[in-house]
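Okay, thanks for coming, everyone. Let me put the structure up, and then I'll walk you through a few parts of it.

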Amino acid sequence: MAASSFKHVTGVWGQECSSSETSSRDLRIIKQLEFYFSDTNLPYDKFLQAQIKHDDGWVPISVLLTFKMLKAITRNSEVIALAVKNAVDSIVEVDETDKKIRRKPKIVAPVPERSLFKEIVERSIYCSGFPRTATVDELLEFAETFGDNVITKTTPMRFKSKAFKGSLYFTFSSKSEAEKFLERKSVEYNGVEIERMWESDFLGNYKHKAYSPFNYE
């Protein structure tokens with residue numbers, strides 16, 4: 001058998017992975033970190049807001065690794081630090097010790113106001129019907145088929161269980177892009193039709209108002 005043309009590097013848990021696999025993993029890491037520190041999430045994430053007040057915006061990678069979606073990609077802090085170092089035009093950066101990550105100070109985060117939340121909601125689509133066994137990687141890969149700038153987030157739950165319930169928000173870069181997605185005749189995941197509606201309609205239902213950081217009316 002001919003030797004592989006891929007250059008191999010040491011992967012997570014000492015496993016070997018090809019350079020192409022490493023690149024794919026690093027992209028997923030950056031996309032997940034950029035969601036945590038994004039305009040869509042950071043202003044409303046009380047836990048992260050508390051963290052960034054302690055150390056000039058820096059958050060220990062060890063803390064970020066308590067987040068389920070990042071931990072599902074890798075549990076290796078060195079892999080995460082290297083991915084951020086190698087990222088081009090990312091909104092996040094790693095410190096000199098390779099132990100902390102923050103949103104770049106020059107990219108100022110918006111103030112969490114009602115108007116900002118409404119603007120985000122207006123370009124977000126609530127989607128349900130995914131299998132509860134779907135993995136993070138599978139869902140992110142599915143989202144990417146609708147554009148590079150689609151941000152996914154699981155719907156907040158009232159209950160103590162943090163298990164995936166089969167529903168997501170897709171937040172698009174603009175309302176027009178969200179409209180294109182909503183106007184598609186059909187969206188299927190593994191042969192199952194995905195139910196779609198504007199996030200504002202989802203939040204507008206009385207039983208879902210508790211999910212909103214504001215009383216959306």
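Predicted model: local features only at pLDDT ≥ 70, side-chain atom pairs only at ≥ 80, totals over all residues.

Next one: Phe146 and Phe181. Their ring centres are 4.9 Å apart and the planes are at 75°, so we call this pair edge-to-face; the cut-off for that is over 60 degrees. Here too, distant parts of the chain get linked: Phe146 is in the loop between H7 and strand S7 (151-154), while Phe181 is in helix H8 (residues 175-182), 35 residues away. Phe146 and Phe181 are both buried.

Which residues do the ring pairs join into a cluster? You get Phe130, Phe142, Phe146, Phe170, Phe172, Phe181 and Tyr189.

There are also charges over rings. Arg196 lies over the face of Phe181, 5.8 Å from the ring centre. Lys175 does that with Trp198, lying over the ring face at 5.8 Å from the centre.

Okay, over to helix H6, residues 114-121. Its buried residues are Leu116, Phe117, Ile120 and Val121. Why do they end up on the same side of H6? They cover an arc of only 135° around the axis, which puts them there. Remember your helix geometry: an α-helix has 3.6 residues a turn, so residues three or four places apart point the same way. And what do the buried residues of H6 pack against? Strand S6 (124-128), S8 and helix H9 (199-204).

Last stop, some strands. S3 (residues 59-60) and S5 (residues 100-103) run antiparallel and are joined by two bridges, with Pro60 opposite Lys100 in S5. S5 also pairs with S4 (residues 92-94), again antiparallel, over three bridges, and there Glu93 stands opposite Arg102. S4 and S5 make a hairpin with five residues between them, and Asp98 in the turn has a positive phi of about 65°.

That's my tour, thanks!

Notes:
Residues numbered from 1 in each chain as written. Heavy atoms only, no water. Phe/Tyr/Trp six-rings, centres within 6.5 Å; stacked < 30°, edge-to-face > 60°. Helix = DSSP H or I, 4+ residues; strand = E, 2+ residues; numbered from the N terminus. Buried < 20%, exposed > 50% of the residue type's maximum accessible area, 1.4 Å probe, protein only. Lys NZ or Arg CZ within 6 Å of the ring centre and 35° of its normal. Arc of directions from axis to C-beta. Contact = heavy atoms within 4.5 Å. Pairing = 2+ DSSP bridges.
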